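Visitor: I'm new to this one. Could you show me how to read its main features?

Guide: Happy to; let's look together.

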Amino acid sequence: MTDVRVRFAPSPTGYLHIGGVRTALFNWLFARHHGGTFVLRIEDTDRDRSTDEAIDAILQGMRWTGLDWDEGPFRQTDRLDLYRGKAQELLQQGKAYWCVCTPEDLEARRKEAQAKGESIKYDGRCREKGIASPKEPAAMRFKSPQEGQTIVDDLIKGKIVFDNAVLDDLIILRSNNYPTYNFSVVIDDALMGITHVIRGDDHVNNTPRQVPMFEALGYQVPQFAHLPMILGSDKARLSKRHGATSVLAYRDMGYLPEALVNYLVRLGWSHGDQEIFTIQEMIEKFSLKHVQASAAVFNPEKLLWLNAEHIKQADPRHLAELLVPLLTQHGYDPNGPVQPQGGLVAVIPHVRERAKTLIEMADWVMPFVTEPVTMDEEAATKFLTPAITPSLKKFAERLSGLSSLSKEDVDPVIQSVLEEDGLKMGKFAQPLRVALTGRTFSPGIHEVMQLLGKDRTLARIEQVLQRKTS
C-alpha cells in the first residue's frame with residue numbers, strides 16, 4: 001500500500017458529536033495501523049454557523065480521547081484564495097460557468113418541477129450562456145457530466161454505481177465568493193495528498209459529485225470508505241433523546257477516554273468476539289475489511305459496562321490523576337495535609353470494583369480526602385445511638401495503644417469489645433463505619449482505618465463521641 005494519508009474534517013458548528021469521534025477514530029486507527037499520516041482539518045467555510053468556541057470544543061474532544069493528529073489543524077478559511085484560484089482554472093478551461101439565476105428564480109423552478117413530478121435538479125439554463133464577467137450577483141457552477149456513470153469501489157460498501165444524468169451542476173463558488181463544501185473538500189483532499197477518504201455514509205451521495213471534480217482538475221481520486229451510521233435503540237439516527245451525544249459530556253459524566261474509544265471502535269467494527277481492547281490492540285488489529293456495512297446501534301448500558309471494566313483494569317495512578325479534578329470540586333486539595341495513608345492512589349484498589357464511573361469512584365473516595373467528614377444524618381441517627389457510645393469509646397481507648405492498624409493487631413481489640421459488651425460484629429461494625437466515613441457504605445472497616453491512619457481514625461471517633469455528649 002502507498003503511504004497512507006487520511007483526514008478528519010469536522011465542521012465547527014457545534015460540539016464534537018459521538019459519530020464524529022467514531023469517524024476520527026477509524027481514520028486515526030487506519031493511519032496508525034499502516035504507519036501513515038492523520039490530518040486534522042477544520043471545515044469552517046459556513047460563516048453563519050462556524051464558531052471559534054466549537055473549534056476549541058473539537059480540539060478538546062480530540063485531545064481527551066487521545067486522537068492525536070500529525071498535521072494541522074488546518075482551517076479552510078485560511079485557504080480561500082486557493083479555492084477561488086482553482087475555481088477560476090475550471091472556468092478558464094470551460095469546465096465551470098457563471099450562473100446569474102437568483103435564489104427566488106431557483107426556488108420557483110424547483111416548486112414547478114416538483115408539481116409536475118419532474119427532477120428538481122438545476123435545469124442548466126446558464127450552462128451555455130458563456131457569461132464572462134457577470135455584472136450582477138452570480139454563483140459559479142461546475143459542469144457535471146450529463147451522461148454515463150460514476151462508479152465508486154467503496155472499501156466498505158463495495159461497488160456503488162451512480163447515474164450521471166441525475167446529477168446537477170453544483171455551485172462551487174457562492175455569489176459571496178465563498179466556496180461550497182463539495183468543492184473545497186475536493187481541493188483540500190487532493191492538495192493534502194489524502195489517499196483514503198473514510199467518512200460517514202451520510203456522505204455517500206456527495207461522492208459522485210466530488211469524483212468528477214477530482215478528474216476535471218487532474219487530481220488522483222482517493223479511495224472511499226463510508227462508515228455505517230450510528231443509530232439509537234429505536235433505530236432512528238442518534239440524537240440527544242438517546243442520551244448524551246457530545247464527547248465532552250461523557251468526560252463530565254466520569255467515563256474513561258479509553259473506555260469510550262473502545263466502545264466506539266466496536267460500533268461497526270469487530271475482531272472475533274473480543275469486546276475489551278487496549279489502544280495498542282486496536283491499532284494492531286484494525287482493518288476496514290472488518291467494518292460492517294449496516295448501521296450500528298448505540299447502547300448506553302453496554303458503554304457503562306465497558307467503562308466499569310476499564311476502571312477495573314486501569315493503572316491506579318492513571319485513575320488517581322483523572323479523579324483529582326472531580327475531587328477538587330468538592331474541597332479536596334491534592335497538595336494539602338489531608339491525604340489518605342499512601343496517597344490518593346492507595347484508595348483506588350479498594351473502590352475500583354464498586355464504581356462504574358469516575359463520578360461514582362470520587363464519591364467512594366471522598367471520606368478519605370476531606371476533613372471534617374460529611375455525616376449522613378439519617379445514618380447517624382440510626383447507628384450512632386447512645387447505646388453504642390460506650391463501645392466506641394472503649395474501642396478508641398484500646399486502639400490508641402496500638403503501634404499499627406494491621407488486621408492482626410486490630411482484630412483482637414474489636415473482639416474484646418464485642419465480648420465484653422455482648423455485641424455481634426454487625427452491631428458494632430456499622431456504627432464504626434458511620435463514625436469513620438459518615439455513611440453506611442465504604443470499603444472494609446480494616447481498609448478504612450488503614451487508609452485514614454491512626455490519628456484520623458481516633459479523631460473521627462472522638463468527634464462522634466463529642467457529638468453524642470454535647
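Guide: Start with a rule for strands: two of them count as paired if DSSP finds at least two bridges between them. Keep in mind that this is a predicted model.

Visitor: In what order do the strands of the open sheet come?

Guide: The order is E1-E2-E3, with parallel pairing among the 3 strands. E1 (5–8) and E3 (71–75) are the edge strands, each pairing on one side only. From one strand to the next, the twist averages 25 degrees.

Visitor: How many bridges join E1 and E2?

Guide: There are 4 bridges, in the parallel sense, and E2 covers residues 37–42. For one example, find Arg 7: its bridge partner in E2 is Val 39.

Visitor: Which helix packs on the sheet?

Guide: That's H2, residues 52–65, which touches E1, E2 and E3. The direction of H2 makes about 160 degrees with that of E2.

Visitor: And how do I read a nonpolar core?

Guide: Think of buried nonpolar residues joined through side-chain atoms within 4.5 Å. Here the largest such core has 53 residues, and Leu 323, Met 361 and Phe 428 are among those with the most contacts inside it. Several helices each supply at least two residues of this core, including H11 (316–328), H13 (358–369) and H18 (445–469).

Visitor: What does Leu 323 touch, leaving out residues up to four places away in sequence?

Guide: Leu 323 touches Ile 348, Leu 358, Met 361, Ala 362 and Val 365.

Visitor: Which residues does the second core include?

Guide: Phe 8, Ile 18, Val 21 and Ala 225 are among its 50 residues, and this core is separate.

Methods: Residues numbered from 1 in each chain as written. Predicted model: local features only at pLDDT ≥ 70, side-chain atom pairs only at ≥ 80, totals over all residues. Heavy atoms only, no water. Axes fitted to C-alpha atoms, helices over the stretch in contact; angles between N-to-C directions. Contact = heavy atoms within 4.5 Å. Buried < 20%, exposed > 50% of the residue type's maximum accessible area, 1.4 Å probe, protein only.
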